[in-house]
Amino acid sequence: MLPTGERGSEILRYIRQELPNVLVQDWAFELDGPMVRVKRSAVPHERLVTFMAHRNPGRTYMNVIGREFSLKPQQRKDLQRMLRDENQETTLALRSIVVTYGSEGKGGGAKSFVVKAA
């Protein structure tokens, strides 16, 4: 990246003298890059799939997943709702590694979990 104005032109002239076959192209460059907003409250679905891929076969309760990903109660409920949707992208990815969602019990005493088959 060269400075703008006469100074940049002079430097480019010297570069071309020393390297006559050099290819020079314009480059759209922003020092800090474009501003990107990241939604940090979302559940990291890719990390969940990776996490479960590396788990041993058996049940992993939602409270373990909640602690692992530092989920707030509403985020955990959103994750459970998403896991119940059989056509959701993350649920399909988990199914491809033989992981399914389940629960037992009713009401406040219900236990939700994901099961990785052997």
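**Note on the predicted model: sheet, loops and pockets**

1. E2 covers residues 99-104 and is joined to E3 by 6 bridges, the two strands running antiparallel. Two pairings can be checked by eye. Glu-104 has Lys-111 of E3 as its bridge partner, and Ser-103 stands opposite Ser-112, also in E3.

2. The connection between these two strands is a hairpin, with 6 residues between E2 and E3. In its turn, Gly-105 has a positive phi of about 90°.

3. Val-99 lies in strand E2. Is Val-99 buried or exposed? Its relative accessibility is 3%, under the 20% cut-off, so Val-99 counts as buried. Leaving aside residues up to four places away in sequence, Val-99 touches Met-52, Leu-94, Val-114, Val-115 and Lys-116. The contact with Met-52 spans 47 residues in sequence, while the C-alpha atoms of Val-99 and Met-52 are 7.5 Å apart in space.

4. Val-98 deserves a look in the backbone. Its phi is near 60°, a positive value in a residue other than glycine. Val-98 lies in the loop between helix H5 (89-96) and E2. With a relative accessibility of 47%, Val-98 counts as partly exposed, because the value falls between the 20% and 50% cut-offs.

5. Ser-70 is another non-glycine residue with a positive phi, here about 50°. Where is Ser-70 found? Ser-70 is in the loop between H3 and H4. Its relative accessibility of 60% is over the 50% cut-off, so Ser-70 counts as exposed.

6. The largest pocket holds about 370 Å³ of space. It is lined by 13 residues, and those closest to its centre are Met-1, Leu-2, Val-24, Gln-25 and Trp-27. By class, this lining has 8 nonpolar, 4 polar and 1 charged residues.

7. The second largest pocket has a volume of about 180 Å³. Which elements each supply at least two residues of its lining? They are helix H3 (62-68), helix H4 (73-84) and strand E3 (111-116). The lining consists of Tyr-61, Met-62, Asn-63, Arg-76, Gln-80, Gly-107, Gly-108, Gly-109, Ala-110, Lys-111 and Ser-112. These residues divide into 3 nonpolar, 6 polar and 2 charged.

8. Lys-111, the bridge partner of Glu-104, is in the lining of the second largest pocket. Ser-112, which stands opposite Ser-103, also belongs to that lining.

Key: Residues are numbered from 1 along each chain as its sequence is written. This is a predicted model: local features need pLDDT of at least 70, side-chain atom pairs count only at pLDDT 80 or more; totals for chains, interfaces and linings use all residues. Side-chain values use heavy atoms; hydrogens and water are left out. On a 1 Å grid over the protein atoms alone, a cavity is a set of points where a 1.4 Å probe fits but cannot get out, and a pocket is an open set with protein on both sides within 12 Å along at least five of seven lines; lining residues have an atom within 4 Å of a point. Grid points are joined across faces, edges and corners, and a volume is the space filled by probe spheres set on the points. Ala, Val, Leu, Ile, Met, Phe, Trp, Tyr, Cys and Pro count as nonpolar, Asp, Glu, Lys and Arg as charged, and the others, Gly among them, as polar. Helices (H or I, at least four residues) and strands (E, at least two) are DSSP runs, numbered from the N terminus. Two strands pair if DSSP finds at least two bridges between them. Buried means under 20% relative accessible area, exposed over 50%, partly exposed in between (1.4 Å probe, protein chains only). Contact means heavy atoms within 4.5 Å.
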